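Here is a short report on one protein chain.

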Amino acid sequence: MVEQNSIAKSHRSYRLRARADAMDRTRARITRAAIDLHGSIGPAATTMSAVAERAGVTRATLYRHFPNEETLFKACSAEWRSANPAPDPEQWATVPDPYDRLRSSLPALYRWYRSAAAMRANLLRDLAVLPAPIRDAIEAYPRTVADILDSAWPRRSRLRRAAIAHAVAFETWQSFAHEGLSDAEAAKLMIGLISTAAGTRG
């Protein structure tokens with residue numbers, strides 16, 4: 001009897017693990033489908049029905065895992081950011097020379113922009129529909145980068161700060177990419193602009 005109870009418990013444990021694994025796989029498939037749609041057509045055009053269809057699940061299954069669009073967006077945002085981490089601006093704060101800081105940061109930032117171009121363009125276009133914490137984080141990132149790059153200079157300059165803010169904007173990189181510039185060329189061009197602004201009173 002003890003042996004039979006042990007076997008029964010083992011079978012139940014196996015079934016529970018198998019069910020949990022299947023649920024995890026389904027959740028991952030749904031999350032991946034949402035990420036794909038956000039990267040292709042954008043969050044504003046992505047419906048729960050479209051996510052369910054792309055993931056190959058019913059709407060009922062989708063809503064069991066994600067009761068609303070916000071919970072789904074937060075999950076796919078966390079997954080995407082984990083797979084596509086933005087450069088950490090704090091790493092550049094340790095570089096004392098302002099031009100060395102620019103030479104370290106801008107190419108790395110532009111490489112990330114290139115690797116995440118489609119998703120970032122869609123997110124910026126559809127900011128109004130994003131959950132507030134995610135929208136705030138997207139808008140805050142370039143400001144944080146600009147603050148850290150500008151802080152390398154001992155004196156404040158309105159013109160220099162504006163040039164740096166322009167340099168770190170995704171739209172600036174995007175315009176250079178459309179003109180066929182490499183990330184290194186774009187960074188060199190922006191460092192020249194910032195150098196001019198840094199030598200101008202303002």
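## The nonpolar core

The largest nonpolar core has 52 residues. Such a core is a set of buried Ala, Val, Leu, Ile, Met, Phe, Trp, Tyr and Cys residues joined through side-chain atoms within 4.5 Å. Buried means under 20% relative accessible area, exposed over 50%, and partly exposed in between (1.4 Å probe, protein chains only). The residues with the most contacts inside this core are Ile30, Val51, Leu62, Leu106, Tyr110 and Val168.

This is a predicted model: local features need pLDDT of at least 70, side-chain atom pairs count only at pLDDT 80 or more, and totals for chains, interfaces and linings use all residues. Residues are numbered from 1 along each chain as its sequence is written, and side-chain values use heavy atoms, with hydrogens and water left out.

Take Tyr110 and its contacts (heavy atoms within 4.5 Å). Not counting residues up to four places away in sequence, Tyr110 touches Ala167, Trp173, Asp183, Ala186, Ala187 and Met190.

Met119 sits in helix H6, residues 117–125. Helices (H or I, at least four residues) and strands (E, at least two) are DSSP runs, numbered from the N terminus. Met119 has 8% relative accessibility, so it counts as buried. Which residues does Met119 contact, leaving aside neighbours within four places in sequence? They are Ile35, His38, Gly39 and Trp80. Gly39 is 80 residues from Met119 along the chain, yet their C-alpha atoms are separated by 4.4 Å.

## Aromatic pairs

The structure holds 7 aromatic pairs. Rings of Phe, Tyr and Trp (its six-membered ring) pair if their centres lie within 6.5 Å; planes under 30 degrees apart count as stacked, over 60 as edge-to-face and the rest as tilted. Trp112 and Tyr141 have ring centres 5.8 Å apart and planes at 65°, so this pair is edge-to-face. The pair links distant parts of the chain, 29 residues apart: Trp112 is in helix H5 (residues 98–115) and Tyr141 in helix H7 (residues 132–150).

Tyr113 and Trp173 form a tilted pair, 6.4 Å centre to centre with 50° between the planes. Tyr113 lies in helix H5 and Trp173 in helix H9 (residues 170–178), so the pair ties together parts 60 residues apart in sequence. Tyr113 is buried at 1% relative accessible area, and Trp173 is buried at 4%. Ring pairs link Tyr110, Trp112, Tyr113, Tyr141, Phe170 and Trp173 into a cluster.

## Helix H9

Phe170, Thr172, Trp173 and Phe176 are buried in H9. They cover an arc of only 160° around the axis, which puts them on the same side of H9. The arc is that of the directions from the helix axis to the C-beta atoms.

What do the buried residues of H9 pack against? Their partners are H5, H6, helix H8 (158–168) and helix H10 (183–198). After H9 comes Gly180, with a positive phi near 90°.

## The whole chain

The protein chain has 10 helices and 0 strands. Of its 202 residues, 40% are buried. Among contacts with a separation of 6 or more, 67% join residues 24 or more positions apart.

The chain exposes about 11700 Å², and carbon and sulfur atoms supply 54% of it. Accessible areas come from the Shrake-Rupley method with a 1.4 Å probe; for residues, only the protein chains shown count as cover.
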